[in-house]
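Please read it alongside the sequence and the coordinates.

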Amino acid sequence: MTGSITAERARAGEGRRAGPLIVTEDLALLDDLLRLCAAAGAEPEVHHTVPEHRPSWDDAPLVLVGDDAAARCRGAVRRPGVLLVGREQAHPDVWRRAVEIGADGVLRLPDGEGWLVDRIADVAEGVGRQALTVGVIGGRGGAGASTLACSLALASARAGRRTLLVDGDPLGGGLDVLLGGERAEGRRWPDFAASKGRVAGGALEESLPAVRGLRVLSWDRGDSVVVPPDAMRSVLAAARRRGGVVVVDLPRRVDAAATEALAQLDVGLLVVPGELRAAAAASRVASLVGMVLRDLRAVVRGPYAAGLDALWVADALRLPLAGELPLDPGLSAAQDAGLPPGAAARGPLARFCTAFWEQALVPDGAS
């Protein structure tokens, strides 16, 4: 008998991205596979045997064939991405059946659940270039890291890139507030604090507040919440898989969660005012961050103490100079008017951020 799953059974995947083709009549196995697809944010297509409509078999990103359906799948067109899946101890003939249907491998549940969720999520989200992930860290308190992080995210979004701004500093006051989006509906960090394992990138993006053309993951106005390292790792990995640009505003205190965030960065920007004490404080931050992140660069901002300039500060920190953050005389007035930093596309800060992305996003091998 051939037929697709009923609308009621498929509703578990409603609103999710296209997922695998499942071929089975084993209801217990089907329930397990539907649960795993839901965890991966994917909507499967289910049949009892090889679909009569050939593109369903040929074009599915992944095919999961139940043990019970292996005999019914003999003779199907050979294709990559087929797995033979069962719930019990492997039968002695399981590998023979896998070869007969051209399966890439054999998977037993529940032992292989974690691996299968990752595989389903990968194929559902597509294979593409991961997001360029940039972290911004203050060399000392009040250095302007949050201001730069917001400006970088706005400049990226203005250029039409998929952009996610992540507030990694629980004591920073909230980047959604700085952007004027504290009332925007969506999930905040406390909703993800218990995240473990795989987080679906598409579901993450769609759940976050949309502010000024970008998505923002920030804090709510409630009590302080500790984000475990596992949650930080899962959320940032999901954000990176979506592609585009991810900007992370990081705390100066390098705790376990911040270490996980640093491990996922492509480049870090250390914001340092042009003062001796600021340079001394930034040196300590740089030494800690440099233990995790290889590509750390200095962004120096004036005004400068006598005898100092941007190159002197970067050399003192033994970091490459990413740029000199320009003075933006209209920044305070704009913020008083409710505009976030870098909102004025022609302002000095916005121009600095636009130039940064133009350089950072040059394709590999381009001059």
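## Terms and basis

Two strands pair if DSSP finds at least two bridges between them. Helices (H or I, at least four residues) and strands (E, at least two) are DSSP runs, numbered from the N terminus.

This is a predicted model, in which local features need pLDDT of at least 70 and side-chain atom pairs count only at pLDDT 80 or more, while totals for chains, interfaces and linings use all residues. Residues are numbered from 1 along each chain as its sequence is written, and side-chain values use heavy atoms, with hydrogens and water left out.

## Overall architecture

The protein chain holds 15 helices and 13 strands. Its C-alpha atoms fill a box of roughly 80 × 40 × 40 Å along the principal axes. Of the 367 residues in the chain, 50% are buried (buried means under 20% relative accessible area, exposed over 50%, partly exposed in between, with a 1.4 Å probe and protein chains only).

Contact means heavy atoms within 4.5 Å. Among contacts with a separation of 6 or more, 70% are between residues 24 or more positions apart.

Eight strands make up an open sheet of mixed pairing, in the order 8-9-7-10-6-11-12-13. Strand 8 and strand 13 (321–325) are the edge strands, each pairing on one side only.

Strand 7 (residues 163–167) pairs with strand 9 (residues 214–217) in the parallel sense over three bridges, and Leu165 stands opposite Val216 of strand 9. Strand 9 also pairs with strand 8 (residues 210–211), here in the antiparallel sense over two bridges; Ala210 has Arg215 as its bridge partner. Two residues lie between the strands of this hairpin, where Arg212 takes a positive phi near 55°. Elsewhere in the sheet, strand 11 (residues 267–273) and strand 12 (residues 296–301) run parallel and are joined by six bridges, with Val271 bridged to Val299 in strand 12.

## Gly135

Gly135 lies in strand 6 (residues 132–138) and is buried, with a relative accessible area of 0%. Leaving aside neighbours within four places in sequence, Gly135 is in contact with Val248, Leu250, Leu265, Val267, Gly268 and Leu269. Gly135 and Leu165 are 30 residues apart in sequence, and their C-alpha atoms are 9.9 Å apart.

## Nonpolar cores

A nonpolar core is a set of buried Ala, Val, Leu, Ile, Met, Phe, Trp, Tyr and Cys residues joined through side-chain atoms within 4.5 Å. The largest such core has 41 residues, and Val166, Trp189, Leu204, Leu270 and Leu317 have the most contacts inside it. Helix 10 (residues 229–241) gives the most to this core, with six residues. Another core, of 32 residues, lies apart from it and includes Leu154, Leu175, Val267 and Val271.

Not counting residues up to four places away in sequence, the residues that Leu270 touches include Ile137, Ala282, Val285, Leu296, Val299, Leu317 and Leu319.

## The largest pocket

On a 1 Å grid over the protein atoms alone, a pocket is an open set of points where a 1.4 Å probe fits, with protein on both sides within 12 Å along at least five of seven lines; lining residues have an atom within 4 Å of a point. Grid points are joined across faces, edges and corners, and a volume is the space filled by probe spheres set on the points.

The largest pocket has about 460 Å³ of space. Of its 24 lining residues, Gly142, Ala143, Gly144, Ala145 and Ser146 are the closest to its centre. Helix 6 (145–158) and strand 10 (245–250) each supply at least two lining residues, and helix 6 gives the most, with three.
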